[in-house]
Amino acid sequence: MTLAHRRNWLIAGYFAENASAYLRVLADAFLHFPAVLRPPCLRVLLKQVYFNGIESLPFLSLTALLLGFTASSRLYQVMSKDLSRTVDVFRSMIVQEGAVLVVAFYVMARSGSAIASELASCKQQGEVAALYRMGIDPAEYLIAPRVLGCMLSVSALSIFFQIVLVLGGFALASFFMEWDYALAMKKFLHGGISPEGALFSLLKTSVFGALIGAVACQQGLRAVRGPQGIPVATRTAVVHGFAAIVLASTVFFLLSK
Amino acid sequence: MNTVFQSKDLVVGDRSIPDIALEPGACGGWQLNDADFALVVLDGITGLQPVQNGGTCWFGQELSGLPESGILRLLCRTMTLTGDGPLIANLNIRDNVMLPALVRRTDSETGLLRKLDELLTGNDLPWPAPANFPFLLPHNLEDLQRWLAGLLRAVLAAPEIVMCCHYPGDLSVREQADLIRGFQWLRARLPGTAWLFLTCAPGLPGGFSGSLAEVSL
């Protein structure tokens with residue numbers, strides 16, 4: 001076996017090992033979702049939704065506004081001021097694909113890293129072992145509320161981001177460019193949103209959220225002892241989270257063809 | 001002399017749990033820490049002794065028909081080690097104390113709050129503590145207050161048996177006296193809880209040489 005072959009096998013092994021670990025965490029989280037109704041777990045879920053969702057709103061609003069403006073303006077120029085084509089491309093590329101990815105990346109970078117470092121710190125201080133010894137399954141208290149929190153917040157944030165992207169972006173574009181806001185909105189809405197499309201989008205954002213939660217929890221709980229434990233867990237969670245989101249996005253694109 | 005343990009509660013096969021747990025060399029001599037001790041106790045129930053029909057009984061429940069997870073659940077529901085791991089850093093004392101009981105659904109939140117209030121009200125805590133003690137985070141507490149919180153957590157999580165593990169090397173004479181005061185304070189308020197003291201500190205109840213099944217305050 002050549003060196004290149006061996007390297008490929010190592011990469012494949014690394015990928016398979018991590019993918020199976022994330023799937024196990026996801027399965028654990030889904031199995032323990034009913035436990036989220038218990039008061040302490042519900043508190044963790046609400047904190048997670050607040051941290052992921054509510055605290056992110058100002059930054060994401062501004063991002064959506066500016067992204068909507070720059071993307072629609074640039075497209076309008078590239079499309080030689082053809083409003084219909086501009087709006088069509090904006091809908092399919094920016095709103096349906098780009099917006100969801102931006103939100104997922106943002107939540108991964110902000111909340112995924114926070115979850116990973118928090119759980120890594122819990123593990124290093126012996127809190128996870130303490131939960132085991134108290135008869136508490138960490139999947140109930142640590143993983144399920146966080147994964148569910150990420151799913152809910154990524155879905156809600158994506159819808160919010162898409163609305164601000166279109167309304168705010170078109171409004172800014174009409175202010176700075178020769179752009180008829182009412183006509184642009186009419187053309188955008190004319191394309192319509194089918195119930196299947198909305199469901200598909202909801203499923204996609206939920207999956208992104210679940211992946212963010214699972215990757216962050218898994219890396220956090222796998223942190224090793226020592227000064228490098230927390231930074232390595234955080235960094236690996238963010239990198240793997242981004243990769244998982246892009247991979248899932250590709251799968252969804254292929255499924256939607 | 002009050003008997004702390006009913007030895008019939010602690011029989012696995014023909015040996016008591018403390019006997020199994022304290023076998024010389026079972027975990028490197030007598031230098032046990034909480035985790036080692038918990039593992040040895042678990043081994044005593046699930047591993048060291050073959051589970052035979054009618055041979056293993058824990059609080060009146062036959063263990064032979066239970067899977068390992070069921071045995072562990074039963075054990076956690078009935079028995080806790082004090083100082084069983086650190087308090088959760090981002091929860092206040094009240095939430096820390098109620099966490100195991102609430103997650104395992106052994107009691108309602110209202111019932112637990114009432115119990116906790118009964119324990120903490122009256123300003124007669126064994127050591128000085130601020131009025132907002134239940135709402136402080138663990139890092140704001142002194143060692144003895146943290147120890148008390150751990151003990152309360154153990155008591156609320158498993159009211160039947162509380163195992164207390166303490167090591168004389170870390171305790172000054174004054175701290176030993178404080179600990180005794182703490183135990184007595186809790187025992188006076190929780191007469192229904194059985195206590196197993198696992199310590200060889202002079203002046204503290206219990207000791208490795210005697211039968212731990214009949215230790216008393």
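Mentor: Happy to. In H6(A), a kink of about 30° lies at A:Ala144, shortly before the proline A:Pro145; the bend at a residue is the angle between axes fitted to the seven residues ending there and the seven starting there. Helices are DSSP runs (H or I, at least four residues), numbered from the N terminus. This is a predicted model, in which local features need pLDDT of at least 70, side-chain atom pairs count only at pLDDT 80 or more, and totals for chains, interfaces and linings use all residues. Residues are numbered from 1 along each chain as its sequence is written, while chains are lettered from A and ligands numbered from 1 in the order in which they are written.

Helix H6 of chain A covers residues 138-176, and its 39 residues should span 57 Å at 1.5 Å a residue, the expected span being 1.5 Å times one less than the number of residues. Its end C-alpha atoms are 53 Å apart, which agrees.

Elsewhere in chain A, the loop between helix H3 (57-78) and helix H4 (83-124) holds A:Ser80, and A:Lys81 is found in the loop between H3 and H4 too. Neither is a glycine, yet phi is positive, about 55° at A:Ser80 and about 60° at A:Lys81. A:Ser80 counts as exposed because it has 8 C-beta neighbours inside 10 Å, and A:Lys81 is exposed with 12 other C-beta atoms within 10 Å; exposed means 12 or fewer other C-beta atoms within 10 Å of the residue's own, with C-beta atoms placed from the backbone.

Notes: Helix = DSSP H or I, 4+ residues; strand = E, 2+ residues; numbered from the N terminus. Buried ≥ 20, exposed ≤ 12 C-beta atoms within 10 Å, placed from the backbone.
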